[in-house]
Amino acid sequence: MPLVSIQNLTVALPPSADRPLAVDDVRLEVGRNEIVCIVGESGSGKSLTAHAIMGLLPRGVTAASGRILFDGQDLLQQTPEAMRKRRGRDIAMIFQDPMAALNPVVAIGRQVTEQIRAHRAISEAEALRQAADLLSQMGLKDVDELLKAYPHQLSGGQRQRVMIAMALSLSPQLLIADEPTTALDVTTQAQILKLIKKIQAEREMSVLFITHDFGVVADMADKVAVMRHGRVLENGLVGDVLGKPAHSYTRALIAAVPRGESRLPPPPDARPLVQVSGLTKRFRRGGLFGRGTVTTAVDDVSLTLSRGETLGIVGESGSGKSTLARCMIRLLDPDGGEVLLDGADIAHMKARALRPLRRRIQMVFQDPFSSLNPRQTIGDIITAGPRVYGEEPRQARARAADILRLVGLNPETMNRLPHEFSGGQRQRIGLARALMLKPDVLIADEPVSALDVTVQAQVLQLLDDVRRQMNLAMLFITHDMRVAAQVCHRVMVMRHGKVVESGPTRDIFARPCSDYTKALLAAIPGRQSI
Amino acid sequence: MNFARRFFSRPTALFGFAVFVAIVMIALAAPLLFARGPFAIVGMPLLPPGAPGLPAGSDVLGRNMMIGLAYGARVSLLVGISATLCATCVGILLGALAGYYGGLVDDLLMRLTEFFQIIPAFVLLMVLVAFLQPSLESAVIGIALISWPQVARVVRGEFLTLRSREFVEAARTLGMRDTAIIFTQILPNALPPIVVISSMMVGNAILAESALSFLGLGDPNLLSWGSMIGGARSAMWVAWWTTVLPGVSIMVTVLALNFVGDGLNDALNPRRRH
């Protein structure tokens with residue numbers, strides 16, 4: 001008998017939602033001592049399925065029908081008190097954002113021991129000893145220090161390890177992991193995935209792992225279920241699903257995973273349009289009475305960029321890649337070095353002299369939800385730039401219609417507000433806004449990292465098409481080596497504000513020189529199997 | 001419209017809005033209904049409510065309380081609304097500059113704001129009004145001067161979070177000027193809390209004006225609710241209506257405005273409710 005057997009589960013959304021059912025007649029089994037992955041895009045119902053098992057559906061969302069058998073008992077029939085006792089003891093869960101799941105004002109030690117002592121009658125000292133033991137099993141060092149630390153003093157990876165330790169503190173039979181590595185850097189992600197896999201094998205637990213990334217599935221899963229629009233489309237052993245996907249959507253999902261190998265030819269040999277040399281940016285913190293601290297976010301970075309070419313800047317969080325971009329487009333004022341655009345140094349130009357040049361460098365932002373003014377219509381948003389430079393509103397709107405068509409949107413959407421669009425469509429609008437000024441240089445700052453994989457592939461394709469059609473010089477910032485490989489002619493790897501390595505994409509992937517680049521490449525999930 | 005439905009779905013907001021509209025109507029209609037004005041003596045002093053022709057009784061000088069209350073609404077609303085408008089404009093301007101530019105501008109403007117916040121507000125108001133000579137204008141100026149720091153703080157907070165949003169950065173990369181960014185990009189997004197705080201401020205301004213008038217620092221040529229209470233306080237124990245009726249008027253008006261403020265808060269920030 002499997003540990004968990006979900007039978008015909010249907011989860012209903014409140015009447016005000018955009019669809020009646022979040023989970024529709026789902027059948028799924030999690031056997032003992034195995035890892036089952038649910039893979040799907042946003043809105044597929046994968047998270048709500050997991051929350052239904054935990055008995056933690058949001059207010060207004062109810063399990064309308066079906067059964068969730070855990071060890072033969074239907075969890076949907078349990079009293080709230082019985083479910084409370086099961087949570088942590090039988091079923092534990094870890095979340096995407098460990099910072100939000102940890103209490104920021106309570107020391108790590110207290111949080112772990114509280115969890116243990118809520119279920120077991122043992123002394124504080126004994127619980128603390130168990131907690132220390134658990135944390136060191138999670139591969140954490142300096143455990144005694146860590147127990148006294150507060151969540152904000154830990155790195156993202158450490159926090160997620162603490163969360164896993166807390167989840168495992170009562171030796172649950174089932175661990176539910178809801179996108180546990182999505183918020184982490186790729187090298188940290190690889191470590192956490194390895195940790196979960198190791199612990200699962202040691203303790204012979206069952207793991208239900210929720211992810212959007214088929215690369216992660218390939219590395220983790222014994223079995224996989226593909227979900228879309230609340231239904232399970234396909235369900236089986238991971239080798240079968242990856243090798244012979246039966247459903248066309250599964251094939252599309254697998255095809256959309258960037259391959260991590262460059263398809264683009266080497267960069268065209270051309271006169272550089274942008275030349276950055278010795279660019280440095282420092283941030284000062286505090287310092288009215290104390291000395292304050294100075295961090296060098298970008299440290300002596302040089303690069304060149306030609307028309308028609310895409311340069312990828314790859315790095316993990318804190319590598320300075322976004323700061324570099326913001327200095328080049330003068331959202332930040334650099335402390336040293338120069339940024340030559342067609343020979344003119346824009347790094348230290350006064351605001352008045354800079355304004356006419358601004359239109360030549362444009363940017364596409366990361367967050368599709370905060371990059372568009374929620375109170376302006378699409379038409380107003382994308383014609384704002386031309387109007388700044390004195391273009392007739394009527395002519396700007398006519399051009400806007402063309403640009404919207406170019407980025408694959410219906411020009412009739414011009415009178416709508418941003419909230420009526422999906423994430424992928426918003427990124428297209430952001431791109432349209434940048435293109436309206438007919439720029440020479442386009443800086444794309446993580447333009448696809450907030451998007452679902454299938455949408456990601458479409459937006460990447462669009463960026464590449466636009467780059468070619470308009471002969472743009474493109475600076476593409478990403479944390480994801482696979483994405484960089486897909487669209488970049490050349491790649492520059494950054495770490496701690498410095499350039500680690502740079503060169504043509506093919507060479508970097510085939511023969512990485514630095515250890516850091518090798519580690520980044522090795523950390524790509526699903527590299528062997530997809 | 002969605003906003004209106006959300007606003008009026010709260011019974012208290014509906015009540016507050018209805019009461020507020022009624023008071024505004026009374027204030028506007030007062031000169032048409034009572035052409036003789038509030039200072040005219042119409043009969044014996046201290047007649048109780050219900051006496052012939054005096055539904056609200058008469059005061060210590062034999063003036064019609066009903067007319068006094070209607071004219072008092074004019075003064076209270078005029079001072080409350082104009083003081084709030086002035087305070088909101090000043091607060092938005094200074095708060096926006098502090099929040100958008102940060103750094104030295106922020107430090108200077110916030111020290112100025114704190115300067116006004118650490119002085120006991122009502123003492124400052126009394127000194128100011130006494131210094132400027134009691135009049136409608138001096139009450140408005142004084143109340144605006146003690147109220148704007150509240151708005152400035154809220155606006156600054158909103159600007160601090162909004163200015164680092166990507167759509168503002170996008171506007172900067174488009175080459176938009178700072179004034180255009182402040183007024184067309186950020187301010188519309190910062191409006192909901194400003195509207196809420198302003199609606200509450202009208203109530204506070206009415207209270208401040210009443211307190212000023214009670215102390216005899218109101219405009220001597222106008223009858224307001226506060227001065228009605230102040231003038232009648234010696235008769236409080238023999239003729240309750242002379243103080244209770246204007247007092248209740250103040251209370252109901254302020255309560256209505258607070259209900260409206262709460263309703264606006266819920267209707268404009270539906271996500272912050274839970």
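Hi everyone, let's start inside chain B, where Thr113(B), Phe116(B) and Gln117(B) of helix H4(B) meet Ile146(B), Pro149(B), Ala152(B) and Arg153(B) of helix H6(B). "Meet" here means being in contact: two residues are in contact if their C-beta atoms, placed from the backbone, lie within 7 Å. Sorted by class, the residues of this contact are four nonpolar, two polar and one charged. For the classes, Ala, Val, Leu, Ile, Met, Phe, Trp, Tyr, Cys and Pro count as nonpolar, Asp, Glu, Lys and Arg as charged, and the others, Gly among them, as polar.

A quick word on what we are looking at. This is a predicted model, in which local features need pLDDT of at least 70 and side-chain atom pairs count only at pLDDT 80 or more, while totals for chains, interfaces and linings use all residues. Residues are numbered from 1 along each chain as its sequence is written, and chains are lettered from A and ligands numbered from 1 in the order in which they are written. Helices (H or I, at least four residues) and strands (E, at least two) are DSSP runs, numbered from the N terminus.

Back to our two helices. How do the axes of H4(B) and H6(B) cross? H4, residues 103-118, and H6, residues 136-163, have axes that come within 9 Å and cross at roughly 135°. Axes are lines fitted to C-alpha atoms, for helices over the stretch in contact, and angles run from 0 to 180 degrees between N-to-C directions.

Now the whole of chain B. How many helices and strands does chain B have? There are ten helices and zero strands. Its C-alpha atoms fill a box of roughly 75 × 45 × 30 Å along the principal axes. Of its 274 residues, 46% count as buried. Buried means that 20 or more other C-beta atoms lie within 10 Å of the residue's own, exposed means 12 or fewer, and partly exposed is in between, with C-beta atoms placed from the backbone.

Let's move to chain A, which has an open sheet of four strands in the order E12-E11-E14-E15, with antiparallel pairing. Two strands pair if DSSP finds at least two bridges between them. The edges are E12 (293-306) and E15 (344-345) of chain A, each pairing on one side only. E11(A), residues 272-285, is joined to E12(A) by ten bridges, and one bridge puts Val274(A) with Leu305(A) in E12(A). Five bridges join E11(A) to E14(A), where Gln275(A) stands opposite Leu340(A). Leu340(A) also has Asp345(A) in E15(A) as a bridge partner, and E14(A) and E15(A) pair over two bridges.

One more residue in chain A: is Gly88(A) buried or exposed? Gly88(A) counts as buried, because 20 C-beta neighbours lie inside 10 Å. Gly88(A) sits in helix H2(A), residues 80-89. Beyond its neighbours within four places in sequence, Gly88(A) is in contact with Gln115(A), His119(A), Leu170(A) and Pro172(A).

Finally, where the chains touch, the contact takes 20 residues from chain A and 14 from chain B. H14(A) gives the most to the chain A side, with three residues. By class, that side has nine nonpolar, five polar and six charged residues.
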